[in-house]
Amino acid sequence: MDRVRAKLHTHMAKAVAAGVAQARIEGEKIAQLARAFAGNDTGELDKSIKVADADTVKLGGYEVGFVGVVVTAGDETTIVTNKAGERFQNALIQEYGTREHPANPFFGPAKRLQRAAAKAAIRRATAAAWRG
(Lines give C-alpha, C1' and ligand atoms only; values in the text may rest on other atoms or scores of the structure.)
Protein backbone atom coordinates (compact mmCIF):
# COMPACT_ATOMS: atom_id res chain seq x y z
CA MET A 1 0.00 0.00 0.00
CA ASP A 2 2.87 2.39 0.75
CA ARG A 3 4.32 1.85 -2.74
CA VAL A 4 0.97 2.64 -4.33
CA ARG A 5 0.64 5.79 -2.22
CA ALA A 6 4.20 6.85 -3.11
CA LYS A 7 3.58 6.24 -6.82
CA LEU A 8 0.36 8.29 -6.71
CA HIS A 9 2.19 11.11 -4.93
CA THR A 10 4.97 11.07 -7.56
CA HIS A 11 2.49 11.05 -10.45
CA MET A 12 0.50 13.85 -8.88
CA ALA A 13 3.59 16.01 -8.38
CA LYS A 14 4.66 15.48 -12.01
CA ALA A 15 1.15 16.27 -13.28
CA VAL A 16 0.93 19.46 -11.23
CA ALA A 17 4.39 20.58 -12.37
CA ALA A 18 3.48 19.92 -16.01
CA GLY A 19 0.21 21.81 -15.61
CA VAL A 20 1.94 24.83 -14.06
CA ALA A 21 4.61 24.86 -16.79
CA GLN A 22 1.95 24.75 -19.49
CA ALA A 23 -0.10 27.39 -17.65
CA ARG A 24 2.92 29.72 -17.81
CA ILE A 25 3.18 29.17 -21.58
CA GLU A 26 -0.54 29.80 -22.03
CA GLY A 27 -0.43 32.83 -19.72
CA GLU A 28 2.36 34.31 -21.83
CA LYS A 29 0.19 33.84 -24.94
CA ILE A 30 -2.68 35.70 -23.27
CA ALA A 31 -0.32 38.44 -22.08
CA GLN A 32 1.14 38.81 -25.58
CA LEU A 33 -2.33 39.23 -27.07
CA ALA A 34 -3.31 41.72 -24.35
CA ARG A 35 -0.17 43.76 -25.08
CA ALA A 36 -1.06 43.84 -28.77
CA PHE A 37 -4.64 44.93 -27.97
CA ALA A 38 -3.56 47.56 -25.39
CA GLY A 39 -2.69 50.15 -28.01
CA ASN A 40 -1.09 52.43 -25.45
CA ASP A 41 0.86 55.28 -27.05
CA THR A 42 3.42 55.53 -24.25
CA GLY A 43 3.99 51.78 -23.97
CA GLU A 44 3.58 51.82 -20.19
CA LEU A 45 0.37 49.81 -20.22
CA ASP A 46 1.72 47.02 -22.40
CA LYS A 47 4.92 46.87 -20.33
CA SER A 48 2.81 46.47 -17.17
CA ILE A 49 1.14 43.27 -18.42
CA LYS A 50 2.86 40.42 -16.60
CA VAL A 51 2.54 36.71 -15.91
CA ALA A 52 3.33 35.55 -12.37
CA ASP A 53 3.21 32.25 -10.49
CA ALA A 54 0.46 32.17 -7.89
CA ASP A 55 -0.35 29.89 -4.98
CA THR A 56 -3.39 31.93 -3.88
CA VAL A 57 -5.94 34.15 -5.64
CA LYS A 58 -8.68 36.45 -4.37
CA LEU A 59 -12.21 35.28 -5.06
CA GLY A 60 -15.11 37.20 -3.61
CA GLY A 61 -12.84 38.97 -1.15
CA TYR A 62 -11.30 35.73 0.14
CA GLU A 63 -7.86 34.30 -0.54
CA VAL A 64 -8.11 30.73 -1.78
CA GLY A 65 -5.47 28.16 -2.67
CA PHE A 66 -4.47 28.09 -6.33
CA VAL A 67 -1.93 26.29 -8.51
CA GLY A 68 -0.89 28.10 -11.67
CA VAL A 69 -0.20 31.57 -12.97
CA VAL A 70 -2.04 34.88 -13.10
CA VAL A 71 -1.88 37.51 -15.82
CA THR A 72 -2.09 41.07 -14.50
CA ALA A 73 -2.13 44.53 -16.02
CA GLY A 74 -1.29 47.84 -14.40
CA ASP A 75 1.30 48.95 -11.89
CA GLU A 76 2.63 52.23 -10.45
CA THR A 77 3.76 53.39 -13.90
CA THR A 78 0.19 53.26 -15.22
CA ILE A 79 -1.46 55.36 -12.50
CA VAL A 80 -3.10 58.51 -13.88
CA THR A 81 -4.38 61.56 -11.99
CA ASN A 82 -7.57 63.40 -12.94
CA LYS A 83 -8.24 67.16 -12.71
CA ALA A 84 -9.41 66.80 -9.10
CA GLY A 85 -6.14 65.12 -8.12
CA GLU A 86 -7.64 61.64 -7.71
CA ARG A 87 -5.45 58.71 -8.78
CA PHE A 88 -6.75 55.91 -10.98
CA GLN A 89 -5.33 52.82 -12.60
CA ASN A 90 -5.08 53.46 -16.36
CA ALA A 91 -5.40 49.71 -17.06
CA LEU A 92 -8.92 49.80 -15.60
CA ILE A 93 -9.82 53.00 -17.45
CA GLN A 94 -8.64 51.47 -20.73
CA GLU A 95 -10.48 48.21 -20.12
CA TYR A 96 -13.82 49.59 -18.88
CA GLY A 97 -13.82 53.29 -19.84
CA THR A 98 -15.28 56.28 -18.01
CA ARG A 99 -17.91 58.89 -18.82
CA GLU A 100 -15.30 60.94 -20.66
CA HIS A 101 -13.09 58.12 -21.94
CA PRO A 102 -14.51 55.30 -24.08
CA ALA A 103 -13.46 51.77 -23.21
CA ASN A 104 -10.61 50.18 -25.14
CA PRO A 105 -10.81 46.58 -23.87
CA PHE A 106 -7.54 44.70 -24.18
CA PHE A 107 -7.44 42.19 -21.34
CA GLY A 108 -10.89 40.61 -21.63
CA PRO A 109 -10.70 40.00 -25.39
CA ALA A 110 -7.25 38.41 -25.07
CA LYS A 111 -8.49 36.11 -22.31
CA ARG A 112 -11.63 35.14 -24.22
CA LEU A 113 -9.66 34.36 -27.40
CA GLN A 114 -7.18 32.07 -25.65
CA ARG A 115 -9.18 30.61 -22.76
CA ALA A 116 -10.45 27.39 -24.38
CA ALA A 117 -7.12 26.64 -26.07
CA ALA A 118 -5.24 27.32 -22.82
CA LYS A 119 -7.48 25.02 -20.79
CA ALA A 120 -7.13 22.26 -23.37
CA ALA A 121 -3.32 22.60 -23.52
CA ILE A 122 -3.03 22.50 -19.72
CA ARG A 123 -5.34 19.49 -19.58
CA ARG A 124 -3.24 17.66 -22.21
CA ALA A 125 0.05 18.47 -20.45
CA THR A 126 -1.30 17.30 -17.10
CA ALA A 127 -2.73 14.08 -18.55
CA ALA A 128 0.51 13.28 -20.42
CA ALA A 129 2.56 13.78 -17.25
CA TRP A 130 0.14 11.62 -15.26
CA ARG A 131 0.40 8.79 -17.79
CA GLY A 132 4.15 9.07 -18.24
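Start by selecting Val80, Thr81, Asn82, Phe88, Gln89, Leu92, Ile93, Thr98, Arg99, Glu100 and His101, the residues that line the second largest pocket. The elements contributing two or more residues to this lining are strand E3 (79-81), strand E4 (87-89) and helix H3. The volume of this second largest pocket is about 300 Å³. Colour its lining by class and you will find 4 nonpolar, 5 polar and 2 charged residues. Keep in mind throughout that this is a predicted model.

Next, go to the largest pocket, which holds about 900 Å³ of space. Select Phe66, Val69, Val70, Val71 and Lys111: of the 33 residues in the lining, these are the closest to the centre of the pocket. Then show the elements that give two or more residues to the lining of the largest pocket: helix H1 (2-38), strand E1 (50-59), strand E2 (62-72), helix H3 (90-96) and helix H4 (107-131). Coloured by class, this lining comes out as 20 nonpolar, 7 polar and 6 charged residues.

Now hide everything except H1 and H4. How do these two helices pack? Their axes lie 8 Å apart, at an angle of about 160 degrees. Angles over 145 degrees count as roughly antiparallel, and H1 is therefore roughly antiparallel to H4. Look at the crossing as well: where H1 passes H4, it is right-handed. Among the residues of the contact of H1 with H4, 20 are nonpolar, 5 polar and 4 charged.

Stay on helix H1 and pick alanine 17, which lies in it. Is alanine 17 buried, exposed or partly exposed? Its relative accessibility is 48%, so alanine 17 counts as partly exposed, the range for that class lying between 20% and 50%.

For the last stop, select alanine 54, in strand E1. Alanine 54 has 13% relative accessibility and therefore counts as buried, the cut-off being under 20%. Finish with a distance from alanine 54 to arginine 35. The two residues are 19 residues apart along the chain, and 21 Å separates their C-alpha atoms.

How values were computed: Residues numbered from 1 in each chain as written. Predicted model: local features only at pLDDT ≥ 70, side-chain atom pairs only at ≥ 80, totals over all residues. Heavy atoms only, no water. 1 Å grid on protein atoms, 1.4 Å probe; cavity = no way out; pocket = protein on both sides within 12 Å on 5 of 7 lines; lining within 4 Å. Points joined across faces, edges and corners; volume = space filled by probe spheres on them. Helix = DSSP H or I, 4+ residues; strand = E, 2+ residues; numbered from the N terminus. Nonpolar A, V, L, I, M, F, W, Y, C, P; charged D, E, K, R; others polar. Axes fitted to C-alpha atoms, helices over the stretch in contact; angles between N-to-C directions. Parallel < 35°, antiparallel > 145°, perpendicular 65-115°, else oblique. Left-handed = near helix turned anticlockwise from the far one by under 90°. Buried < 20%, exposed > 50% of the residue type's maximum accessible area, 1.4 Å probe, protein only.
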